[in-house]
Amino acid sequence: RTLTMKPILAKGIHATDDDIQKALDAGADWVLVVGRIPKIHSKKCLIEPFEIPFHKPFTFAGNTVSGRVGFYLTLTSSDGWQAEGEAAPLPGTSPETLKKCQHDLEEILPVLKNLELPAEKKYLIKELRQNERLSQLCPSAKCAVESAIFNLAARANHQSLAEFLDFPLEDVSTAALLQGTY
């Protein structure tokens, strides 16, 4: 570190997170990790509640909805990458509660710390489908966790999420909720 003030990228085989930490301790500003997603640093992960009010309430599936409430999940990998997911159960369409969603997110963080996640898409999908603990999450919590993990995988592969998922960047038809008379 005393030889240059330029940013240092440590390249090479970093098979474990201990190898990553050694490179950072030796003065590297960044560490290139190939073939896997660096482990999730559960103490630096955040579960943040949010509430977004709508301008006007609307009725959907027999329930009046006046806004969205849920949680933003931010996962931080051991090398400092961050990725987000969102958990927002929709009352009346799912039996899950906001309390259950928060509980599941809090309970899964220590489990995520110990996961060895491959960076290649087909193996990552297989791992996520076969993980018993992830399959037990309520749907909104599972969506938040999987979204954040896929975002971390895209970063580990130096790609956008669309590139990682092989999703073409083009106009996409969307659905919208409409209410009222014209």
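Buried means under 20% relative accessible area, exposed over 50%, and partly exposed in between (1.4 Å probe, protein chains only). The model is predicted: local features need pLDDT of at least 70, side-chain atom pairs count only at pLDDT 80 or more, and totals for chains, interfaces and linings use all residues. Residues are numbered from 1 along each chain as its sequence is written, and side-chain values use heavy atoms, with hydrogens and water left out.

**View A. Phe50 and Tyr72 form a stacked aromatic pair.** The ring centres are 4.3 Å apart and the planes make 20 degrees (rings of Phe, Tyr and Trp, its six-membered ring, pair if their centres lie within 6.5 Å; planes under 30 degrees apart count as stacked, over 60 as edge-to-face and the rest as tilted). Phe50 lies in strand β4 (residues 46-60) and Tyr72 in strand β5 (residues 63-76), so the pair ties together parts 22 residues apart in sequence. Helices (H or I, at least four residues) and strands (E, at least two) are DSSP runs, numbered from the N terminus. Phe50 is buried, at 11% relative accessible area, whereas Tyr72 is partly exposed at 32%.

**View B. Strands β4-β5-β6 make an open antiparallel sheet.** Two strands pair if DSSP finds at least two bridges between them; 6 bridges join β5 to β6. Leu73 stands opposite Gly85 in β6.

**View C. Helix α2 (residues 98-113) packs on the sheet.** This helix touches β4, β5 and β6 (contact: heavy atoms within 4.5 Å), and its direction makes about 10 degrees with that of β5. Axes are lines fitted to C-alpha atoms, for helices over the stretch in contact, and angles run from 0 to 180 degrees between N-to-C directions.
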